[in-house]
Amino acid sequence: MPKNSKVTQREHSSEHVTESVADLLAHEEPVDYKRSVLNVTGETWDKQKDGEEELDAENRPAWNSKLQYILAQIGYSVGLGNVWRFPYLCQKNGGGAYLVPYLVLLIIIGLPLFFLELAVGQRIRRGSIGVWNYICPRLGGIGYASCLVCFFVGLYYNVIIGWSIFYFFKSFQYPLPWSECPIVKNGSVAVVETECERSSATTYFWYRETLDISNSISESGGLNWKMTLCLLVAWSLVGLAMIKGIQSSGKVMYFSSLFPYVVLVCFLVRGLLLRGAVDGIMHMFTPKLDKMLDPQVWREAATQVFFALGLGFGGVIAFSSYNKQDNNCHFDATLVSFINFFTSVLATLVVFAVLGFKANIMNEKCVVENAEKILGYLNTNVLSHDLIPPHVNFSHLTAKDYNEMYRVIMTVKEGHFKELGLDACLLEDELNKSVQGTGLAFIAFTEAMTHFPASPFWSVMFFLMLINLGLGSMIGTMSGIITPIIDTFKVRKEVFTVGCCIFAFVVGLIFVQRSGNYFVTMFDDYSATLPLTVVVILENIAVAWIYGTKKFMQELTEMLGFRPYQFYYYTWKYVSPICMAVLMTASIIQLGVSPPGYSAWIREEAAEKFLFYPTWAMAILISLIILASLPLPLVFILRQFHLVSDGSNALSVTYKKGRMMKDISNLEDNDETRFILSKVPSETPSPMPTHRSYLGPGSNSPMEMSSAPNGRYGSGYLLASTPE
């Protein structure tokens, strides 16, 4: 041995030897044990495959900055539901009182499960399929179910973006095309379109000009070419944003995530300056405390929390998988969750400021129409002039004066009052008209904007905001499909992205036929709710009960550099699974109690009518739920009975650049985990830890080797479990 070596120097030194085995072996030559005697499985070494795996682990794309990542998560979680679903639920379920159950459920269900998905994605650095295959191969169906649900949701969600694109281009004209009913010629006479006259200009434009809707789901009516073209544009936008992965979608997020906030703030300032805006906001936030005791309110709040954060879709895991492993995902989870909540509140303020203005306009219109009826009754002596209070001036009739006159007439003409056909014209009644979804965005809000000064400008801004909200959510949804498929099957990103968008466009043609809106309603109501609830419950069980909450908390401590609060331990292990199970039970009961149906627009009546789904539509509906849930039992059965390999039955040990990686998996029949030990945990390509460390020679491990462990390879093997 050379005289200047460390070992020779120590032999002649009186100092205590404190250097570890790891230090002694730090200068060992890199060795791949798949080509050595340590390859105990007899597995043939594939140099090309091994190189590809290492290259994939080290060259995984990463976010350019923390801001880009946060904006991507915000853009994904803040979507159309924040604008048109949350305000409706707030109004329906007790106004300001609804915020209490929502906030409570956000803290005990939303935040812990959101943090869980961020953590597993960041730790394992794979999409949803790879993550759940790794944590528990028999529950690997979770990832495939997430991909299917993302596909179903993406199909109809992009149709809504297509509708917004149509309205966006129609907004570049004055007056707005939905501000007045069209005039049609009946021979030599010009008359107002009957369907429009019996409903309203905005309602007519939505159902007839935009959708050209049929009377029922059974009447296809052929393709609507305008909506088909808009759907093609929508899928082209999504494809262009996704084609380079996070390199392209990350840049898009700077605009698509921030622009909606600019528009919402502008609308809030403009809305607060409108007459009647305060009435809408006061009505919105006046708490009805008795509603807090209603279980239905808590069920709807839990469902909204669940979907607002995008839990179970796989998009959260996909975005998080591109993070560095020392990223503080706990901070990210808290920040994004509460930004989502405050965005919902901001959108609610905007919506009800504008709807308060609209309610005042409609109430004044009601007063004028009914005042004309009363004048007619006075002129024909049906009513006596003595019934009219002396201070009432019909040329400047206020809502207060009309209400006073209305009560007097109702009291005196009690027996024949209904025959007069007078309306109360109460502002409260207008504000209580619940509007959600497309009815809010494409009918109520568009009608309010026709009364704005410079209405085309506000219309362009509003629908551009909807396009960006939808695009941000679609990027996350498509990432929930593309990332896990690319990670698992190693297909080319560009080719798969383009192929996926083309296939989705072709399948999505079902939504742009004249009956397409009814299919959008069906998919929105039934394709995701139940399957996603089951998916999230199984995610929670896989981490908290199969892998183990204590082990997971320890992993988070190593990854984050601090131990998460014990609050998460109890919510993951007990509170969240119980709450999600209750939500799933309530959803199943709701499906059984409320027969599946949809609101159809009847052209002849110029009104909506609730219809039940026909038998064939019920078959599609049930098939959607079964198909989305099918991977869960299918993968479990295939792997339980070893009909397919879970790819986790090999032991490989590899030196690389001074670190060693050991992969232990499926050592026993009941061991469903696959984890990695590493000298540098943050650099491991497959980072989940083992249930138990290999103790080396003399242990009772099933991997115990009969060969002498004291040679070069034996010492190197011990390095895997030797602390630095």
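N340 sits in helix α17 (residues 329-379); helices here are DSSP runs of H or I with at least four residues, strands are E runs of at least two, and both are numbered from the N terminus. This is a predicted model, where local features need pLDDT of at least 70 and side-chain atom pairs count only at pLDDT 80 or more, while totals for chains, interfaces and linings use all residues. Residues are numbered from 1 along each chain as its sequence is written, and side-chain values use heavy atoms, with hydrogens and water left out.

**The overall picture**

- The protein has 29 helices and seven strands.
- Of its 724 residues, 54% count as buried; buried means under 20% relative accessible area, exposed means over 50%, and partly exposed is in between (1.4 Å probe, protein chains only).
- Among contacts with a separation of 6 or more, 76% are between residues 24 or more positions apart; a contact here means heavy atoms within 4.5 Å.
- The protein exposes about 32500 Å², and carbon and sulfur atoms supply 61% of that; accessible areas come from the Shrake-Rupley method with a 1.4 Å probe, and for residues only the protein chains shown count as cover.

**The annotated binding site**

- An unreviewed UniProt entry carries a "binding site" annotation on G75, V78, N82, N340, L469 and S473. UniProt positions are given in the numbering used here, feature names are shortened, and annotations may be inferred rather than shown by experiment.
- These residues span 399 residues in sequence, but no two of their C-alpha atoms are more than 12.7 Å apart, so they gather at one spot.
- N340 is buried, at 1% relative accessibility.
- Leaving out residues up to four places away in sequence, N340 touches S77, V78, N82, Y102, A308 and L309.
- The N340 side chain also reaches the backbone oxygen of A308 at 3.1 Å.
- Beyond its neighbours within four places in sequence, N82 is in contact with S77, P87, N340, S344 and A347.

**Salt bridges**

- The structure holds 11 salt bridges; each is a side-chain nitrogen of Lys or Arg within 4 Å of a carboxyl oxygen of Asp or Glu.
- Side chains of opposite charge can pair when their charged atoms come close.
- D212 forms a salt bridge with R208 (3.2 Å, N to O) and another with R514 (3.6 Å, N to O).
- D212 is partly exposed at 27% relative accessible area, R514 is partly exposed at 24%, and R208 is buried at 7%.
- E195, R208, D212, R514 and R603 are linked in a network of salt bridges.
- R492 pairs with E494, with the closest N and O atoms 3.9 Å apart. R492 is exposed, with a relative accessible area of 58%, whereas E494 is partly exposed at 24%.

**Covered helices**

- Eight of the 11 residues of α24 are buried, so this helix is largely enclosed by the rest of the structure.
- Those buried residues are G516, N517, Y518, F519, V520, M522, F523 and Y526.
- They pack against α9 (141-170), α25, α26, β3 (597-602) and α27 (615-629).
- Helix α8 (residues 128-135) is mostly covered, with eight of its eight residues buried.

**A nonpolar surface patch**

- W545, I546, Y570, Y574, I578 and V582 form a nonpolar patch on the surface, with about 610 Å² of accessible area together. Patches are made of residues with over 30% relative accessible area and no salt bridge; like charges are joined within 9 Å, and nonpolar side chains (Val, Leu, Ile, Met, Phe, Trp, Tyr) within 5 Å.
- Helices α25 (529-560) and α26 (566-593) each supply at least two of the patch residues, and the largest share, four residues, comes from α26.
- I578 is found in α26 and is exposed, at 54% relative accessible area.

Notes: A polar contact is a pair of N or O atoms within 3.5 Å; within protein, one must be able to donate a hydrogen and the other to accept it, and residues adjacent in sequence count only if both atoms are side-chain atoms.
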